[in-house]
Amino acid sequence: MEKNMIKKIAPVLILLSLCLTPYLPAQERHLDVPYVPTKYPVVDEMLRLANVQKTDLLIDLGCGDGRIVVSAAQKCGARAIGVDIDPDRIEESHENAAKAGVKDHVKFIQGDLFQADVREASVVSLYLLTSVNIKLRPRLIRELRPGTRVVSHNFGMDNWKPDQTSNVMVDEISHDVFLWIIPANASGTWKWTMGEPKANWEMNLEQLFQQISGRISVNGASAALKDAVLSGDKIKFTAERQLNEKTVLFVFEGVVHGHTIAGKVLQNGKELGEWKASRNPVTQKDIDAGSGTDIRY
Ligand SMILES: C[S@@+](CC[C@H](N)C(=O)[O-])C[C@H]1O[C@@H](n2cnc3c(N)ncnc32)[C@H](O)[C@@H]1O
């Protein structure tokens with residue numbers, strides 16, 4: 001009898017607690033990160049490092065009083081979205097956007113940052129914790145378009161090293177700002193033909209986040225793969241071939257798009273022609289190797 005009663009009222013209690021959560025005082029709601037606003041000189045540096053432009057859509061995950069969102073709209077002319085779980089912060093954000101006269105450029109969503117749809121963002125800003133960044137990381141890498149900038153105040157991404165770092169002093173306190181460019185996944189085996197007579201090229205790339213390295217061969221003879229760089233969807237590397245006892249350098253530049261890379265080949269600074277490589281889809285690997293350390297903060 002008692003068990004039946006519990007079964008009946010349990011769903012009602014769960015629904016009631018979910019509905020009431022937004023009305024609980026902040027300290028009784030579950031926050032993954034406490035509210036600490038980013039000082040304005042640091043906000044400015046985050047926008048500068050991420051090179052926010054009016055063509056951008058910035059999403060601030062855990063937006064607090066909306067200052068990064070409002071500044072992106074006011075100073076850079078960007079569209080911007082703020083997500084925060086705390087309804088008091090969302091209310092302040094709306095007020096601040098109205099005061100700054102940027103209501104039309106911004107949107108605020110009350111919700112969990114782990115559920116937020118980030119796919120349309122060209123810039124994501126964070127002032128969270130390393131442990132929260134690491135939890136978000138696989139989604140950022142999987143769901144954001146290659147080339148999207150992720151900028152973070154003070155907290156890193158563990159073994160995903162930033163592409164750029166800067167630092168701002170405010171009231172004698174040092175603040176780090178980190179920038180990552182979401183890399184395309186270029187891992188796996190790529191093949192193309194090129195030159196006269198036609199030669200068969202094959203390249204095997206290993207990738208960890210934005211770092212790439214690997215091997216290359218031409219008609220089965222190995223060549224050295226050097227200076228391989230990936231930034232967003234742009235790839236560049238040099239192949240060093242031995243031809244008639246001479247060393248010949250081919251510089252490849254291209255754009256990774258799904259299972260193709262297309263671009264141009266240069267020799268001694270002169271364009272030799274175009275190249276287009278295809279990847280065997282089953283050779284593509286995950287580029288996020290998981291966290292390297294046990295992060296507790
Ligand atoms: C350190 S503050 C950063 C505020 C703002 N981004 C800034 O830099 O000024 C972190 C914010 O994340 C929010 N927050 C914490 N856990 C959250 C979650 N799971 N989903 C959405 N927001 C969350 C807090 O309410 C707080 O406003």
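The chain has five helices and 15 strands. Helices (H or I, at least four residues) and strands (E, at least two) are DSSP runs, numbered from the N terminus. The model is predicted: local features need pLDDT of at least 70, side-chain atom pairs count only at pLDDT 80 or more, and totals for chains, interfaces and linings use all residues. Residues are numbered from 1 along each chain as its sequence is written, and side-chain values use heavy atoms, with hydrogens and water left out.

Of the 297 residues, 45% count as buried. Buried means under 20% relative accessible area, exposed over 50%, and partly exposed in between (1.4 Å probe, protein chains only). A contact means heavy atoms within 4.5 Å. Among contacts with a separation of 6 or more, 54% link residues 24 or more positions apart.

Helix 2 spans residues 40-49 and helix 3 spans residues 67-76. Two packed helices are described by the angle between their axes and the distance between the axes. Here the axes come within 10 Å and cross at roughly 60°. Helix 2 is therefore oblique to helix 3. Axes are lines fitted to C-alpha atoms, for helices over the stretch in contact, and angles run from 0 to 180 degrees between N-to-C directions. Angles under 35 degrees count as roughly parallel, over 145 as roughly antiparallel, 65 to 115 as roughly perpendicular and the rest as oblique. From helix 2, the contact involves Tyr40, Val43, Asp44, Met46 and Leu47. Helix 3 contributes Arg67, Ile68, Ser71, Ala72, Lys75 and Cys76.

Helix 2 also meets several strands. Its buried residues are Val42, Val43, Glu45, Met46, Leu47 and Leu49. They pack against helix 3 and against strand 1 (57-61), strand 4, strand 5 (149-153), strand 6 and strand 7 (173-181). After helix 2 comes Asn51, with a positive phi near 50°.

Ser125 is found in strand 4 (residues 123-126). Its relative accessible area is 1%, so Ser125 is buried. The side chains of Ser125 and Asp60 are joined by a polar contact of 3.0 Å. A polar contact is a pair of N or O atoms within 3.5 Å; within protein, one must be able to donate a hydrogen and the other to accept it, and residues adjacent in sequence count only if both atoms are side-chain atoms. Beyond four places in sequence, Ser125 touches residues including Met46, Ile68 and Val151.

Ser166 belongs to strand 6 (residues 164-170). Ser166 is buried because its relative accessible area is 13%. Its side chain makes a polar contact of 2.6 Å with the side chain of Glu45. Arg48, Leu49 and His175 are among the other residues that Ser166 touches.

At 0% relative accessibility, Ala277 counts as buried. Ala277 and Thr189 are 88 residues apart in sequence, yet 9.6 Å apart in space, C-alpha to C-alpha. Contacts of Ala277 include Trp190, Trp192 and His259.

Most residues other than glycine have a negative phi, and most peptide bonds are trans. Asn154, in the loop between strand 5 and strand 6, has a positive phi of about 65°. Asn154 is partly exposed, at 27% relative accessibility. Asn219 has a positive phi near 50° and lies in the loop between strand 10 (211-218) and strand 11 (221-231). A cis peptide bond joins Glu196 and Pro197, with omega about 0°. Pro197 sits in the loop between strand 8 (188-194) and strand 9 (199-208).
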